[in-house]
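Visitor: Could you show me the model, and then let me ask about it step by step?

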Amino acid sequence: MVDHRFKALPPDAQGLTVGALAAQRRNLHTGGFTTPVLALSAEAVEHNLALLRTYAERHGLAFAPHGKTSMSPQLFARQLEHGAWGITAAVPHQARVYRAFGIRRIFLANQLVDAAALRWLAGELDADPEFRFVCYVDSVRGVELMDAALREAGASRAVDVVVELGAGEGARTGARTEAECAAVADAVAATGTLRLVGVAGYEGEVPDATGERVRDWLHRLVALAADLDRAGRFAPGEPIVVSAGGSAWFDAVADVFARIPELSAPVLKLLRSGAYVSHDDIHYHRLTPFNRVPEEGSLRPAFRLWAQVVSRPTDEQAFLNAGKRDAAYDLDLPEAQVVRSGRDGEVRPATDITVDRLSDQHIWLRTGPDARLEVGDWVGLGLSHPCTVFDKWQLIPLVTEDGTVTDYVRTFF
């Protein structure tokens, strides 16, 4: 039901179901929505979904996009419709949300050592023979904790794991050396509750990352898979998983994974980029690999935050009724892109208007002599870092280019 839980939805829609409101196809600007309101471009989302599907297919990659970006089962469903192998998670709660909405393949990009979560996982695996779950292991101690919890839970199916190779000294998680990875693999083999099915890591954590350094680490990951395969450490009868790929270096992943040598079993080359579905106007706009390979296409930013001018105290200042509760600010401040006149609905570029800083509920604008801005105008803002945009909104209008709201995207953070 549409009610007070959801920011920005029309007050006169109170009591309607979300489906009934979507069927009304209201206009974002004239249909009663209150500001601030976050909108997702329907055209940009569809374009981005299609682009990553064709990119993965062209490069022989399977795809498990990281669901922590949006935590939206509606978008997961669209990603699966566009050929995704499964959905990546980071923590047990995310995996529980995925299962509640019927996700059949989950890749957990973390070592899972929480006994309560492992009991839940054992129950899910036992209850559904079609459910496939894979997670990281990066230490002998982690393997011991997983084994103990699964044995105590009476798990009847082994949990599939991949050894995580750390991206270097000072990087995030993962075993730092190949010798440590081999020790972790040996520890897995000594259990009856775990099966080693591959190797994985995250190239985005390579220190002082450059194309060359990222590729060097990816070559190490591939060589580790070959070494463990030669040593007979992978579970027989299963594809060998080799997984990497955030949203900044998937071109390097595609290049190196294209040269994985023949192993004793087919290789599942699993890419995990997540931010692509919405992309952004600033951070990933700078980092996207499509900047390096423009012939492969380009992603489109899908977010726009609309906020209203509620104060214009001087010719150099204006204040919007959105702030840290509404816009991501951890990597970059929002940027003013367009102004929609509160008088006649005219949309024009946000000339000479700059976001200066954010308070909890205000965006501070610095305005120059060419800024045409008055109280009541709507300002459309581009945003940075999708992961911290989605998590501020529980129900996001999906809007076509002419302003028609065709659906609402629900998030579960």
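Guide: Here are some questions and answers about this structure. It is a predicted model, in which local features need pLDDT of at least 70 and side-chain atom pairs count only at pLDDT 80 or more, while totals for chains, interfaces and linings use all residues. Residues are numbered from 1 along each chain as its sequence is written, and side-chain values use heavy atoms, with hydrogens and water left out.

Visitor: How many disulfides does a search of the whole structure find?
Guide: A disulfide is a covalent bond between the sulfur atoms of two cysteines, and here the term means a pair of cysteine sulfur atoms within 2.5 Å. For C181, the closest cysteine sulfur is that of C135, and because it is 15 Å away, it is too far for a bond. Over the whole structure, the number of disulfides found is zero.

Visitor: How many of the eight residues of helix α9 are buried?
Guide: Helices are DSSP runs (H or I, at least four residues), as strands are (E, at least two), numbered from the N terminus, and buried means under 20% relative accessible area, exposed over 50% and partly exposed in between, with a 1.4 Å probe and protein chains only. Among the buried residues of α9 are F250, D251 and F257, and what covers the buried residues of this helix includes α2, α8, β8 and β9. Helix α9, residues 250-257, is largely enclosed by the rest of the structure, because its buried residues number seven.

Visitor: What kind of aromatic pair do F76 and Y98 form?
Guide: Rings of Phe, Tyr and Trp (its six-membered ring) pair if their centres lie within 6.5 Å, and planes under 30 degrees apart count as stacked, over 60 as edge-to-face and the rest as tilted. F76 and Y98 are 4.9 Å apart centre to centre, with 75 degrees between the planes. F76 lies in helix α3 and Y98 in helix α4, so the pair ties together parts that are 22 residues apart in sequence. By its angle, this pair is edge-to-face.

Terms used: Contact = heavy atoms within 4.5 Å.
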